[in-house]
Amino acid sequence: MKLTAYAALLTGAILTTPAMAQVNLTAETASPGGSVHLAPSHLVEIAGTQGIANIQLADGQTLTNSLQNVAEGKTDIASAPHILPFLMQRGVGPYGELGGEKGAELASNLRSIYPYILGNFMLFAYDSKGIGGWDDLEGKKIFNGPPRGGALTNARAMIQITAGLKEGEGYEGIQSNWGQATTVIGGGGPDAIVLPEVFPSGRTSTLSAAGKMTAWSLPIDVFESDAMQKYIKAPGSAPIIMPVAEAAAALGDQFTVVSEDDTFRGFATVGGDVVHKDMDEELVYNLVSAYIGSLDALKAKAPFGNTVAFDNPMLGMCGANPMVYHNGAVRAWEEAGFEIDDCAKEKM
């Protein structure tokens, strides 16, 4: 069934169903400005207007804590990069205090409902800096994220695999918190930037307004190397392949996108919204059905709406990712004509 037809059918069904019970739910997400905030805020809107649920959304949250809140039954819905359930299951990283046994117990309570790309990692720089690409980073100052966290870890790994350089030896790393990143980069200190960005993000739009910029695809041989393929298929990451023209159009007229051919290659940080396994199946089905049925409206809400894979339910699923879909979400996605692989479903 085509999505538009499905949306029309869903809307008609909801409008003609007078007895749908409405419940109160809580949700947590990050600060506004990206897909990780847009998706749950859209869910809040459609769940309320369609009489499914009243959802109180708290934004600006630390997602490591938000995910644990859902696992412990303290919050109903949370946004989370896929790497977090993987770390929780093992009781490592930000969940080190839980330990392996408790972490695995909590992680087993989590279920996905829909996915999205949090950001595409790329190298970019002002043209005025004269950077020639990935092979021209030695000795340069590179802005690579906040002082700690997944973005910085991924950026450092991407530079090391692609350019063979370690921070502090082959280049100088510059960090600041996300709120100051645009100011620091725009101030001209860094020679180049390696960050996860949606296409386009508010940050790339603001920065490029001050001068022309260039973004570089990963070289083909690096992208296809065993080291990079292993890295970008780890939980929380996914390969990104798109036409250069599409990437350039999304980033805007101030950007030039450079690749060896007509394809942009990189990797993305991926995640999605999650619920507790014990959330009522019919409630999850109704929430996700409404979400899927309004995907066109969701995509239209932001310039990056068509580039963050809102409509790819298998994004980042399976493999080492311990997350599977809630049964209610599986039913909603499949009834809308999307395929969910068995590895992303609960074992019956």
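How many helices and strands are there in the chain? There are 14 helices and eleven strands. Keep in mind that this is a predicted model.

Now the overall shape. The radius of gyration is 20 Å, close to the 20 Å that the globule rule gives for 348 residues, so the chain is as compact as a globular protein of that length. The C-alpha trace spans about 65 × 45 × 35 Å along its principal axes. Of the 348 residues, 53% count as buried. Look at the contacts with a separation of 6 or more: residues 24 or more positions apart account for 76% of them.

Next, the inside. The largest nonpolar core has 89 residues. Leu-287 and Tyr-291 have the most contacts inside that core. What does Leu-287 touch, leaving aside its neighbours within four places in sequence? Its contacts are Leu-25, Leu-43, Ala-47, Ile-52, Ala-53, Ile-55 and Met-279. There is also a second, separate core, with 21 residues. Ala-125, Leu-137, Ile-159 and Leu-218 are among them.

On to the largest pocket. Its volume is about 1,500 Å³. It is lined by 42 residues. Nearest its centre lie Pro-81, Leu-118, Gly-150, Ala-151 and Trp-178. Several elements give two or more residues to this lining, including α2 (35-49), β4 (110-126), α6 (150-163) and β7 (192-197). Which element gives the most? That is α6, with four residues.

Note on methods: Residues are numbered from 1 along each chain as its sequence is written. This is a predicted model: local features need pLDDT of at least 70, side-chain atom pairs count only at pLDDT 80 or more; totals for chains, interfaces and linings use all residues. Side-chain values use heavy atoms; hydrogens and water are left out. A nonpolar core is a set of buried Ala, Val, Leu, Ile, Met, Phe, Trp, Tyr and Cys residues joined through side-chain atoms within 4.5 Å. Buried means under 20% relative accessible area, exposed over 50%, partly exposed in between (1.4 Å probe, protein chains only). Contact means heavy atoms within 4.5 Å. On a 1 Å grid over the protein atoms alone, a cavity is a set of points where a 1.4 Å probe fits but cannot get out, and a pocket is an open set with protein on both sides within 12 Å along at least five of seven lines; lining residues have an atom within 4 Å of a point. Grid points are joined across faces, edges and corners, and a volume is the space filled by probe spheres set on the points. The radius of gyration is taken over C-alpha atoms; the globule rule is 2.2 Å times the number of residues to the power 0.38.
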